[in-house]
Amino acid sequence: MITLQKWGNSKGIRLPKVLIDELGWSENDELSISKDDDKIIIKKHNKRKSIVELFDGYNGDYKPEEIDWGETKGKEIW
């Protein structure tokens with residue numbers, strides 16, 4: 001059990017280390033918080049990658065390939 005405590009002008013809780021370790025969270029990770037009825041949901045914030053991060057490891061060697069999507073169905077036109 002944890003207790004809601006006053007921290008300055010706010011209220012706060014402390015999360016047990018074992019829980020943080022199980023989630024794989026680290027100090028200074030960005031988290032998002034939301035409410036669902038009477039529940040608080042805390043998730044690790046998934047930061048969008050920059051274009052540099054998206055192409056990290058890409059060596060410029062791209063070879064387009066044809067994909068067989070199968071026979072047409074319905075009113076599809078190839």
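Residues are classed by relative accessible area: buried means under 20%, exposed over 50%, and partly exposed in between (1.4 Å probe, protein chains only). The structure is a predicted model, in which local features need pLDDT of at least 70 and side-chain atom pairs count only at pLDDT 80 or more, while totals for chains, interfaces and linings use all residues. Residues are numbered from 1 along each chain as its sequence is written, and side-chain values use heavy atoms, with hydrogens and water left out.

Most residues other than glycine have a negative phi. Asn-28 is not a glycine, yet its phi is positive, at about 75°. Asn-28 sits in the loop between helix 1 and strand 3. Its relative accessibility is 72%, so Asn-28 counts as exposed. Asp-37 is not a glycine either, and has a positive phi of about 55°. Asp-37 belongs to the loop between strand 3 and strand 4. With a relative accessible area of 62%, Asp-37 is exposed. Helices (H or I, at least four residues) and strands (E, at least two) are DSSP runs, numbered from the N terminus.

The salt bridges number 3. A salt bridge is a side-chain nitrogen of Lys or Arg within 4 Å of a carboxyl oxygen of Asp or Glu. Lys-17 pairs with Asp-21, and their closest N and O atoms are 2.7 Å apart. The two lie 4 residues apart in helix 1, which means a separation of about one helical turn. Lys-17 is exposed, at 62% relative accessibility, whereas Asp-21 is partly exposed, at 46%.

A salt bridge also joins Asp-29 and Lys-44, at 3.3 Å from N to O. This pair links distant parts of the chain, 15 residues apart: Asp-29 is in the loop between helix 1 and strand 3, and Lys-44 is in strand 4. Asp-29 is partly exposed, with a relative accessible area of 25%. Lys-44 is also partly exposed, at 37%. Lys-63 forms a salt bridge with Asp-61, with 3.8 Å between the closest N and O atoms. Lys-63 is exposed, at 61% relative accessibility.

A nonpolar patch lies on the surface, with about 1000 Å² of accessible area together. Its members include Ile-2, Leu-4, Val-18 and Ile-40. Patches are made of residues with over 30% relative accessible area and no salt bridge; like charges are joined within 9 Å, and nonpolar side chains (Val, Leu, Ile, Met, Phe, Trp, Tyr) within 5 Å. Helix 1 (17–23), strand 3 (31–36) and strand 4 (39–44) each supply at least two residues of the patch. Helix 1 gives the largest share, 3 residues. Leu-19 is in helix 1 and is partly exposed, with a relative accessible area of 36%.

The largest pocket has a volume of about 520 Å³. It is lined by 17 residues, and those closest to its centre are Ile-13, Arg-14, Leu-15, Leu-31 and Ile-42. A pocket is an open set of points on a 1 Å grid, with protein on both sides within 12 Å along at least five of seven lines; lining residues have an atom within 4 Å of a point. Strand 2 (10–12), strand 3 and strand 4 each supply at least two lining residues. Leu-15 lies in the loop between strand 2 and helix 1, and is partly exposed at 36% relative accessibility. The C-alpha atoms of Leu-15 and Trp-69 are separated by 50 Å.

Note on methods: Areas by Shrake-Rupley, 256 points an atom, 1.4 Å probe, with all protein chains shown as cover. 1 Å grid on protein atoms, 1.4 Å probe; cavity = no way out; pocket = protein on both sides within 12 Å on 5 of 7 lines; lining within 4 Å. Points joined across faces, edges and corners; volume = space filled by probe spheres on them.
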